[in-house]
Amino acid sequence: MNPVNYLYLAALLFSIGATGVLIRRNAIVVFMCVELMLNACNLAFVAFSRLHGNLDGQIIAFFTMVVAAAEVVVGLAIIVSLFRSRHSASVDDASLMKL
Amino acid sequence: MSTLAAATTSTGEAVQFWILGTVAVLGALCTILMRRAVHSALCLAGTMIILAVFYLANGAYFLGIVQIVVYTGAIMMLFLFVVMLIGVSAADSLKETIKGQRWLAALCGIGFGVLLIAGIGNASLTEFSGLTRANSGGNVEGLATLIFTKYVFAFEITGALLITAAVGAMVLTHRERTERAKTQRELSEQRIRDGVHLPPLPAPGVYARHNAVDIAGLLPDGSPSELTVNKTLRARGQIRDVSSEALNDLKALEQRSTERLERPTSEEASK
């Protein structure tokens, strides 16, 4: 097996995550799909690190994880406060600014 | 270790890739197809654990452990907490607000995937240098050297980002009480003024076999009273109704006792 298959897997997972973001309407599930996309990117970074033979790719993946953790904290706080004000976690219901 | 630097991997890694890769893709598909958010979260956690195994197989030992500890351990549990807060039973409605959105989205996703995979296929990535030399002093040591020299500024910024995120989450979810909480006396006075329901609410459950909180108490005519069940259970639609069941049980019991005692039934006695 050629290690490039890891990149194909990462691409597949990324497009599944992107499809999920477009399809789902529960804000939490949309958020989980974003996490899936981030993870797919991390896999690609790790595979590229092996391709180039240095550790820079792993460092970038590490920073991605840190940023993802910060993003999850803030995003979930936003979802909770949205749910408090409108009693629904559906992204379709948050249409206050729509004409 | 030596197999990390080659155009092909060992058979063991290939077998691992094809089995776990299939499971990872299935987990990702389940994440976007499951109707309940809890099931989606669990499928995603499974996919993340498999990705951790892939990191280990690729020589990223530190990242593999961090993936399990931080992603599946902390982030996914945070997701589960929020799912529990917001309501486990809340399933997505299947009604489309934009007509044909689901098919268009799936089409876009497939097109995007084909584009990505074709791009990777076009780039001639045949020879992998491997991490044998980079990992020679130990993976963690190599990462630490890079973080504290080349990427030290990014590392510091990350610390600022994490503190900002923690403060932001507190600001977003903390609610200051702007008015004084009503005392019991004021509440009871308001109840009397409104004249809605003066005595305490009735308790759930009437029969000794069914005194669970999710079973509505029965009114004298045998119909269930919604008032007796907790408001939260009512909102979730988790009330169990046993009125007909209980009445049937009672009827069967009467029938059996009549047969055993060989008493005339009530209709015959009245004749």
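Predicted model: local features only at pLDDT ≥ 70, side-chain atom pairs only at ≥ 80, totals over all residues.
Local features are reported at pLDDT of at least 70 and side-chain atom pairs at pLDDT 80 or more, while totals for chains, interfaces and linings use all residues. Residues are numbered from 1 along each chain as its sequence is written, chains are lettered from A in the order in which they are written, and side-chain values use heavy atoms, without hydrogens and water.

In the model, 67 residues of chain A are in contact with 91 residues of chain B, contact being defined as heavy atoms within 4.5 Å. The size of an interface is often given as the accessible area lost when the parts come together. Between chain A and chain B the buried area is about 7200 Å², and carbon and sulfur atoms give 74% of this area. Buried area is the accessible area (1.4 Å probe) that two parts lose on being put together, summed over both.

Across the interface of chain A and chain B, 13 residue pairs, both members at pLDDT 80 or more, are in polar contact. A polar contact is a pair of N or O atoms within 3.5 Å; within protein, one must be able to donate a hydrogen and the other to accept it, and residues adjacent in sequence count only if both atoms are side-chain atoms. Helices H1 (5-23), H2 (27-52) and H3 (56-86) of chain A each give two or more residues to the side that touches chain B; H3(A) gives the most, with 23 residues. Helices here are DSSP runs (H or I, at least four residues), and strands are runs of E of at least two, numbered from the N terminus. By class, this side of chain A has 46 nonpolar, 14 polar and seven charged residues. Ala, Val, Leu, Ile, Met, Phe, Trp, Tyr, Cys and Pro count as nonpolar, Asp, Glu, Lys and Arg as charged, and the others, Gly among them, as polar.

Two salt bridges are counted between the chains, each a side-chain nitrogen of Lys or Arg within 4 Å of a carboxyl oxygen of Asp or Glu. One of them joins Arg50(A) to Glu13(B), with the closest N and O atoms 3.1 Å apart.

Asp56(A), in helix H3 of chain A, counts as buried because its relative accessible area is 17%. Buried means under 20%, exposed over 50%, and partly exposed in between (1.4 Å probe, protein chains only). The side chain of Asp56(A) makes a polar contact with that of Lys150(B) at 2.6 Å.
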